[in-house]
Amino acid sequence: MELNAAQQEVLDQLGASRDDRPRFEVTLRHELRRELDDGLEPLLDTLAADDTLFIAKHLLGRVHGCERKFLAEEDEPFVWSVPIARGTIAHKAVELSIHWKREPEPLVLVDESLARLTDGSDGLGEFLRTCSEVERAERRAEANERVVKCLECFPPLKPAWRPVTESRLRLELHDTRIVLSGKVDLSLGQPDGDRAGKVLVDLKTGGFSPGHLHDLRFYALIETIRLGTPPRRLATYYLDQGRFVPEDVTEDLL
């Protein structure tokens, strides 16, 4: 299939020749883990002996965004809303499109996404099951718009690129008393020894936020300690705009 200008731009942002891919010291993972262990050690005295502190990018984003707001909302239960549900449906449909063997039809992908999420036992499933037919049709139309835009701007992914969706990351520190966890929307490529080759992509609806950069940096840190070789590049892709915000991974960034 011939690519349009936006799809070609995606390839240009994500691709790199072997000579352009940086190499990293094999000791980097140990240095990063030691720095995390030392920096987090004072927290152990504030934890009960049988307690585990779980740290995720959403929690970090809330704390660093506004501590006062975080403390005010800390005890408030999470409630599913229309914008969050809409984004989740679109995310799921885009994920299905990457692994779809037939020609991806946006509405078919959205309907499959809606069906699976509605059948779920979590809060989103209950939220979708209680929607009226009109509300459900609105969610379907809104998600379809985002999926169409994504397929128009994102090129089909080849199996040789090793695409992985919803890739879970986990790092246990201080005998599992502190756990860092995350989930990458899309990863492409693989390292070649100590030469970086993987790209981590986060799919977003809406507009740019500086916190989106921090999300991917957090994932890159866990990935580096897990694998030993950092990702080559991080990229936030905005579905509504068909636009990448890329960032190359360096030791200083990690």
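Is K69 buried, partly exposed or exposed? K69 comes out as partly exposed, because its relative accessibility is 46%. For that scale, buried is under 20% relative accessible area, exposed is over 50%, and partly exposed is in between, with a 1.4 Å probe and protein chains only.

Quick housekeeping. This is a predicted model, where local features need pLDDT of at least 70 and side-chain atom pairs count only at pLDDT 80 or more, while totals for chains, interfaces and linings use all residues. Residues are numbered from 1 along each chain as its sequence is written, and side-chain values use heavy atoms, with hydrogens and water left out.

Back to K69, then. K69 has a salt bridge to E73, with the closest N and O atoms 2.8 Å apart. By salt bridge I mean a side-chain nitrogen of Lys or Arg within 4 Å of a carboxyl oxygen of Asp or Glu. The two are about one helical turn apart, because they sit four residues apart in helix α4, residues 67-73. Helices here are DSSP runs (H or I, at least four residues), strands likewise (E, at least two), numbered from the N terminus. E73 is also partly exposed, at 26%.

Next pair: D111 and R140, whose closest N and O atoms are 2.6 Å apart in another salt bridge. D111 is in helix α6 (residues 106-118) and R140 in helix α8 (residues 133-153), so this pair ties together parts 29 residues apart in sequence. D111 is partly exposed at 31%, and R140 is partly exposed at 30%.

Now K204 and D202, which form a salt bridge at 3.6 Å, N to O. Salt bridges with shared partners join K57, D202, K204 and D215 into one network. And are K204 and D202 buried or exposed? Both are buried. The total count of salt bridges is 20.

Let's go to two other buried spots. S97, in helix α5 (residues 82-99), is buried at 13%. Leaving out neighbours within four places in sequence, S97 is in contact (heavy atoms within 4.5 Å) with P104, L109 and L151.

V245 belongs to strand β6 and counts as buried at 16%. Again setting aside neighbours within four places, V245 is in contact with F208, L213, L234, A235, T236 and Y238. Take A235: V245 and A235 are 10 residues apart in sequence, yet 5.5 Å apart in space, C-alpha to C-alpha.

Last one, D252. D252 is in the segment after β6 (243-248), and D252 counts as exposed at 77%.
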